[in-house]
Amino acid sequence: MSLAILYSRALSGIEAPLVTVETHLSNGLPSFTIVGLPETEVKESKDRVRAALQNGRFKFPAQRITVNLAPADLPKESGRFDLPIALGILAATGQIPANKLDQYEWVGELSLSGELRPIHGALAMTYGASRSGRSFVLPQHNAAEASLVREACVYPAASLLQICAHLTGHELLQPHTIPSETSIGRDNSSYHPDLTEVKGQVHAKRALEIAAAGAHSLLMIGPPGTGKSMLAERLPSILPTMTEQEALESAAMQSLANGYFDIANWKHRPFRSPHHTASAIAMVGGGSIPRPGEISLAMHGVLFLDELPEFDRRVLEVLREPLESGQITISRATRQANFPARFQLIAAMNPCPCGYLGHYGGKCRCTPDQIARYRGKISGPLLDRIDMQIEVPAVPKKDLLQQGTGESSRMIRTRVEAARQYQLVRQNGTNAGLRVHEIDQHCQLDEQSKQLLEHAFSRLNISARAYHRILKLARTIADLASSEQLNSGHIAEAIQYRRLDRN
């Protein structure tokens, strides 16, 4: 047979489209051509494949070899196509049987000796292969993360020779054992610091609980040393346990960015805290071959921006669309990639340039103009998209001298999970993601609540977006209280989280 057809996977953002690897041998002067929009790494496969076959004591044909990677308009990058190209040559020359090749999808980079080297994005590709009904053969190093896709049948291999032995029936590959939940997962409360370590700040802890229950964004403003960063770092400890789908999506993003996923982090919500010198591309993703940025790496987790006004304004403005849509589209001259960006934004900032405005020590000497310019670094449209904006005052000395008291993260997390369950049953999503028609359906107000909101409109000059966010917050507060109906108390508490004056 002079034609062999195998299946593999490419990467396009978070998606892993199917690639058909067609290998054809014909008479003529010896040559090796790869077509189908290959990048430089794919073009270099010719030399790696030739050396791997020769060092494996296989015959490399002195014929015209044409490899087509279809579809032709999809860019192909990295060395993951080495393995299917090598197997295609062996099948086309009759050195291995071709009758079982279509039962698998193949990825792997070959060393010159024929060993299989790890690839990046294995989790995303395995998820795509599982939906096709085929088994997935990949390097042994990637087997652990690939097996996290429960419905996939994963065959790890160490070398090209081992795969050929499997196809010829001499030594069959064994499916990778799926790790148990107990061996790879611990709950967030034991993986992250506990809220009992934060002394005082009862109001801020309440706001953090509401933010966790409804997946709301939160801005904390206060002098240095009041516990803003400590509070943010402990938010993952009270977030609900990740579902299987959320864990897969989060792990796939980390696999794409880092080249692998550590299964010890399975079902642990990510906490990303980029430095304020981060660029816009680092935040949203990019590059000639698009890679995910911080907002995507925080998938189903927390993105913490400390010292918010110190970030470049252009960097902050790129967050506006992902906060609303939950995804980011990166466009380049030759390709376009879509990455999910369903993250929970937590931000912290000082109240003034020196940081001590409102401090009980009276240290601040900033003028009103300096304060206005400092706070003006954050645009109104971005602030309007942040659900909760609270003050975190200095902790009194008597609270600091006391032993750590208050509820543990585990106790708070129990209430958060109960409230989140109400939301999933009611609208199959979080309150932060409610759409306008869902707000009208699930956030109906009584007469007293309407009057309170009308008063807030006239006194606080809130926008239509802020009005909807107040209703979403009130819905979360009611869920924490196990209340089906919104009342004026829920509305009043929600309004106080939107009362910060930028001036």
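Which elements cover the buried residues of α2? Before selecting them, bear in mind that this is a predicted model, and then take a moment with the whole chain. Of its 503 residues, 53% count as buried, and the chain has 23 helices and 18 strands. The C-alpha atoms fill a box of roughly 85 × 45 × 45 Å, taken along the principal axes. Among contacts with a separation of 6 or more, 75% come from residues 24 or more positions apart.

**Helix α2 and what covers it**

Select residues 45-55, which form helix α2, and colour S45, R48, V49, A51, A52 and L53, which are buried. To answer the opening question, now show what lies over them: the cover includes β3 (31-35), α1 (40-43), α3, β6 (109-110) and α6. Just after α2, select R57, whose phi is positive, at about 65 degrees.

Two packed helices are described by the angle between their axes and the distance between the axes.

To see the residues involved, show S45, R48, V49 and L53 on the α2 side, and D82, I85, A86, I89 and L90 on the α3 side, where the two groups meet. Sorted by class, this contact has 6 nonpolar, 1 polar and 2 charged residues. An α-helix has 3.6 residues a turn, so residues three or four places apart point the same way.

**Helix α6**

Following α6 is G169, with a positive phi near 85 degrees.

Now move to strand β2, residues 18-26, and select T23. Is T23 buried or exposed? With a relative accessible area of 0%, T23 is buried, because buried means under 20%. Leaving out residues up to four places away in sequence, T23 touches S2, L3, A4, I65, T66, V67, I85, G88, I89 and A92. Two of these, I85 and I89, are also listed among the α3 residues that meet α2.

From there go to strand β1, residues 3-9, and select R9, which is buried as well, with a relative accessible area of 7%. What does the side chain of R9 reach? It comes to 2.8 Å from the backbone oxygen of A16, and the R9 side chain also makes a polar contact with the side chain of E105, at 2.7 Å.

Select A70 and P71 together and look at the bond between them, a cis peptide bond with omega of about 5 degrees. P71 is in the loop between β4 (64-70) and α3.

Next, find L37 in the loop between β3 and α1. Its phi is near 60 degrees, a positive value in a residue other than glycine, and L37 is partly exposed, with a relative accessible area of 44%. Then jump to H300, in the loop between α13 (294-297) and β14 (302-305). Phi of H300 is likewise positive, near 60 degrees, but H300 is buried, with a relative accessible area of 13%.

**Further along the chain**

Select E407, in the loop between α18 (397-401) and α19 (409-427), and then T196, which is 211 residues away in sequence while the two C-alpha atoms are 6.3 Å apart in space. Apart from neighbours within four places in sequence, E407 is in contact with L195, T196, I412 and R415. The side chain of E407 makes a polar contact of 2.7 Å with the side chain of R415, and E407 is partly exposed, with a relative accessible area of 34%.

For the last stop, select K450 in helix α21, residues 447-460. K450 is partly exposed, at a relative accessible area of 42%, and its C-alpha atom is separated by 8.3 Å from that of S488, 38 residues apart along the chain.

Note on methods. Residues numbered from 1 in each chain as written. Predicted model: local features only at pLDDT ≥ 70, side-chain atom pairs only at ≥ 80, totals over all residues. Heavy atoms only, no water. Helix = DSSP H or I, 4+ residues; strand = E, 2+ residues; numbered from the N terminus. Buried < 20%, exposed > 50% of the residue type's maximum accessible area, 1.4 Å probe, protein only. Polar contact = N/O pair within 3.5 Å; in protein donor to acceptor, adjacent residues only side chain to side chain. Axes fitted to C-alpha atoms, helices over the stretch in contact; angles between N-to-C directions. Contact = heavy atoms within 4.5 Å. Nonpolar A, V, L, I, M, F, W, Y, C, P; charged D, E, K, R; others polar.
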